[in-house]
Amino acid sequence: MADGKILLLNGDWTADIWRRQPIRVPATLDVESFLDQRPMPSIWPEDEEFNAYLGEDDEAMRRMWVMVLLRHPERDVVLQCLRSPYLESVVWHTVTVADLLVDSPVAAEAAEAVWRMDDTGVHEVLNAVLSRGLVPSGHSRAQAERAIRLLRSACPHDRRGFFEQEIADEAEQTALRLVELVAADQRAYGGLSEQDQEHWLDLDYVDRLVRDGSPPDGLVHRVEIRAIGHRLNRQGGLPLMQSVAERAGSLSERRMAQRRLNAHWDGIGEWLA
């Protein structure tokens with residue numbers, strides 16, 4: 001705040017605080033000193049309705065300011081916020097930290113900040129990252145996978161069990177999806193042309209379709225099954241693939257899904273049919 005320069009922050013996220021309108025912030029500042037102010041300055045000092053609604057709730061104003069400063073364009077300001085004791089396990093903070101975790105230059109630091117939250121905060125971050133809330137977060141699968149890798153890497157040893165349990169729900173959904181896909185692929189195989197049956201057997205061809213993202217109708221299930229295998233391998237290697245395949249087996253008749261996944265995932269990571 002020493003240079004006196006002011007920036008205007010804007011975006012749809014401002015409506016999560018009150019309504020969409022620009023927020024004036026110092027271009028540079030010491031976050032700790034700023035958040036230590038008593039009372040806190042208003043985010044919108046000229047918005048009489050906002051200030052009347054908030055009244056003298058200094059704690060709520062401070063939480064809002066943390067959310068705002070996490071959107072600051074200066075990396076140093078964002079890093080100070082991520083390390084601040086005022087970063088809490090409240091939805092204004094967890095959703096914003098999740099956004100930083102999936103797509104920002106400070107993603108690794110955001111992962112470390114998550115583990116300074118309590119279990120409720122970590123749960124809320126994971127809900128946002130994995131789109132498990134009532135309103136989908138819109139994060140892509142690739143972004144979510146990267147975020148999970150960062151969180152797993154930063155996870156303290158004494159919270160590893162909690163973390164793996166939290167993301168187990170995602171594994172359960174994956175297993176259920178695989179059961180559906182294996183059955184659908186089995187039904188579709190009989191209707192494939194001779195050429196498509198040859199393509200079905202060609203793992204290099206199928207993996208090219210995984211990368212290109214445009215499989216023909218007859219191979220769409222086969223390609224998604226391979227794509228899930230590659231994703232699980234990136235997330236947790238052979239142990240995670242085995243765990244999900246075993247669960248898919250338990251959810252299918254005569255463990256058929258697990259048996260067929262053995263062939264579907266041949267050559268992915270350490271998986272050998």
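Contact, as I use the word in these notes, means heavy atoms within 4.5 Å. I keep in mind throughout that I am reading a predicted model.

**Entry 1: helix α6**

I began with helix α6, residues 107-114, and asked how many of its eight residues are buried. Six of the eight are, so I describe the helix as largely enclosed by the rest of the structure. I then wrote down the buried residues of α6 by name, and they are Ala107, Glu109, Ala110, Ala111, Ala113 and Val114. Next I looked up what covers these buried residues, and I found that the cover includes α4 (75-82), α5 (91-102), α7 (119-129) and α8 (141-154).

**Entry 2: Glu145**

From the helices that cover α6, which include α8, I picked out Glu145, whose place is in helix α8. Is Glu145 buried or exposed? Its relative accessibility is 6%, and because buried means under 20%, I count Glu145 as buried. I also looked for its partners, leaving aside neighbours within four places in sequence, and found Glu145 in contact with Arg231, Arg234 and Gln235.

**Entry 3: aromatic pairs**

I turned to the aromatic rings, and a search of the whole structure gave me seven aromatic pairs. For the pair Trp44 and Phe50, I noted ring centres 5.1 Å apart and planes at 85 degrees, and since planes over 60 degrees apart count as edge-to-face, that is the name I gave this pair. Both Trp44 and Phe50 are buried. I noted too that Trp44 and Phe50 belong to one aromatic cluster together with Trp18 and Tyr53.

Where in the chain do Tyr189 and Trp200 lie? I placed Tyr189 in helix α9 (residues 160-189) and Trp200 in helix α10 (residues 194-201), eleven residues apart, so that the pair links distant parts of the chain.

**Entry 4: charges over rings**

I stayed with Trp200 and asked which residue has its charged end over this ring. It is Arg222, whose charged end sits 3.9 Å from the centre of the Trp200 ring. I recorded a further arrangement of this kind at Tyr86, where the charged end of Arg62 sits over the ring, 5.3 Å from its centre.

Key: Residues numbered from 1 in each chain as written. Predicted model: local features only at pLDDT ≥ 70, side-chain atom pairs only at ≥ 80, totals over all residues. Heavy atoms only, no water. Phe/Tyr/Trp six-rings, centres within 6.5 Å; stacked < 30°, edge-to-face > 60°. Buried < 20%, exposed > 50% of the residue type's maximum accessible area, 1.4 Å probe, protein only. Helix = DSSP H or I, 4+ residues; strand = E, 2+ residues; numbered from the N terminus. Lys NZ or Arg CZ within 6 Å of the ring centre and 35° of its normal.
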